[in-house]
Amino acid sequence: MLAFTWRATYDASRVITPRVKVIKFGDGYEQRQGTGINRQPRKYSLVFKRISSEIDSIDAFLVARGSVEAFNYTHPGHAIGVFVCREWTRTDIARGVDSISATFEEVFE
């Protein structure tokens, strides 16, 4: 499996949305139960600001995966995981400098 090796330029945000079934009863009572063995997938919002040629490489990597093929990614200070990128935005910053904003979603294969 290929690895995404570029580091984000700015602070990244990490969102964890646990997978939980909730059953609501009358008077506000509820029961919660975790679903599956991988209940807390990670999602990172990342920004990469580089010279255009490096952004071309990042963009090409993401285009080649096409939101279908997963890749390894290790966020600094966190464990390696398998991720897909379903959406990214490329922005022209200045002459010769571009950025990509991307969301990496952890998947379990």
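Student: Leaving aside its neighbours within four places in sequence, which residues is Leu62 in contact with?

Tutor: Leu62 is in contact with Phe4, Cys85, Trp88, Ile100 and Phe104, where contact means heavy atoms within 4.5 Å. This is a predicted model, in which local features need pLDDT of at least 70, side-chain atom pairs count only at pLDDT 80 or more, and totals for chains, interfaces and linings use all residues. Residues are numbered from 1 along each chain as its sequence is written, and side-chain values use heavy atoms, with hydrogens and water left out.

Student: What makes a set of residues a nonpolar core, and which members of the largest one touch the most others?

Tutor: The term denotes buried Ala, Val, Leu, Ile, Met, Phe, Trp, Tyr and Cys residues joined through side-chain atoms within 4.5 Å. Buried means under 20% relative accessible area, exposed over 50%, and partly exposed in between, with a 1.4 Å probe and protein chains only. The largest core has 15 residues, of which Phe4, Ile58, Leu62, Phe71, Tyr73 and Phe104 touch the most other members. At least two core residues come from each of strand 5 (42-51), helix 1 (52-65), strand 6 (71-73), strand 7 (81-94) and strand 8 (97-106). Helix 1 gives the most, with four residues. Helices (H or I, at least four residues) and strands (E, at least two) are DSSP runs, numbered from the N terminus.

Student: How do you know that the protein chain is more spread out than a compact globule?

Tutor: The chain has one helix and eight strands. Its radius of gyration is 17 Å, well over the 13 Å that the globule rule gives for 109 residues, so the chain is more spread out than a compact globule. That radius is taken over C-alpha atoms, and the rule is 2.2 Å times the number of residues to the power 0.38. The C-alpha atoms fill a box of roughly 60 × 30 × 25 Å along the principal axes.

Student: Why is Asp27 called exposed, and why is Ser57 called partly exposed?

Tutor: Asp27 has 77% relative accessibility and therefore counts as exposed. Ser57 has 37%, so this residue counts as partly exposed. Asp27 is found in the loop between strand 3 (20-24) and strand 4 (30-34), whereas Ser57 is found in helix 1.

Student: What is the phi of Asp27, and what is that of Ser67?

Tutor: Phi is near 60° for Asp27, a positive value in a residue other than glycine. For Ser67, in the loop between helix 1 and strand 6, phi is near 65°, also positive. Most residues other than glycine have a negative phi.
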